[in-house]
Amino acid sequence: HVKSVPFLEPVDPVELGIPEYFTIVQNPMDLSTVESKLTGGHYGRIPLPSTTNNDTDDDDEDNGGGRGGGAFGRTGDYASPIGKMLHGPFMEDVLLVFDNAMLFNPKDDWIHQDASQLR
């Protein structure tokens, strides 16, 4: 998306002439860092479903046994892969990218406005 361009790389306060950036933004984040963390496995793995075969007959056929472990048969802290993406550390970092931009830039600045829309 064209509005994501300012958020793709880390903010360079020297290049941008904003030496106070790290005083205001305590936890910088950008989309390239999110991508690196994602590909490096920093966000962890989504647990595989825990399956329980409730087949009690002796015909060696699986008659649709149940799944244990909560919603969608998942185990761990999240009920599904979507839940992990929407509520886990990955999403926290993505939101941090835009929250930082909105914290640093005034509301009438185009960076603040684009960050608000992308958030």
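In which crossing, left-handed or right-handed, does α5 pass α6? The legends below take this up in turn.

**View 1. Overview of the protein chain.** This is a predicted model, in which local features need pLDDT of at least 70, side-chain atom pairs count only at pLDDT 80 or more, and totals for chains, interfaces and linings use all residues. Residues are numbered from 1 along each chain as its sequence is written, and side-chain values use heavy atoms, with hydrogens and water left out. The protein chain holds 6 helices and 2 strands. Helices (H or I, at least four residues) and strands (E, at least two) are DSSP runs, numbered from the N terminus. Along the sequence the pattern reads α-α-α-β-β-α-α-α. Of the 119 residues, 26% count as buried. Buried means under 20% relative accessible area, exposed over 50%, and partly exposed in between, with a 1.4 Å probe and protein chains only. Among contacts with a separation of 6 or more, 47% come from residues 24 or more positions apart. Contact means heavy atoms within 4.5 Å.

**View 2. Helix α5 against helix α6.** α5 passes α6 in a left-handed crossing. A crossing is left-handed if the near helix is turned anticlockwise from the far one by less than a right angle, and right-handed if clockwise. The axes of α5 (residues 89-104) and α6 (residues 110-118) come within 8 Å and cross at roughly 150°. That makes α5 roughly antiparallel to α6. Axes are lines fitted to C-alpha atoms, for helices over the stretch in contact, and angles run from 0 to 180 degrees between N-to-C directions. Angles over 145 degrees count as roughly antiparallel, under 35 as roughly parallel, 65 to 115 as roughly perpendicular and the rest as oblique. From α5, the contact uses Phe98, Ala101 and Met102. From α6 come Ile111, His112, Ala115, Ser116 and Leu118. These residues divide into 6 nonpolar, 2 polar and no charged. Ala, Val, Leu, Ile, Met, Phe, Trp, Tyr, Cys and Pro count as nonpolar, Asp, Glu, Lys and Arg as charged, and the others, Gly among them, as polar.

**View 3. Helix α3 against helix α5.** The two axes come within 9 Å and cross at roughly 165°. α3 and α5 are therefore roughly antiparallel to each other. α3 passes α5 in a right-handed crossing. Leu31, Val34, Lys37 and Leu38 of α3 meet Phe90, Asp93, Val94 and Val97 of α5. By class, this contact has 6 nonpolar, no polar and 2 charged residues.

**View 4. Aromatic pairs.** The structure holds 4 aromatic pairs. The ring centres of Tyr43 and Phe90 are 5.5 Å apart and the planes lie at 90°, so the pair is edge-to-face. Rings of Phe, Tyr and Trp (its six-membered ring) pair if their centres lie within 6.5 Å; planes under 30 degrees apart count as stacked, over 60 as edge-to-face and the rest as tilted. Tyr43 sits in the loop between α3 (31-39) and β1 (50-51), and Phe90 in helix α5, 47 residues apart. Both Tyr43 and Phe90 are buried.

**View 5. The cluster around Phe104.** Ring pairs link Tyr21, Phe22 and Phe104 into a cluster. Phe104 lies in helix α5. At 16% relative accessibility, Phe104 counts as buried. Leaving out residues up to four places away in sequence, Phe104 touches Ile18, Glu20, Tyr21, Ile24 and Val25.
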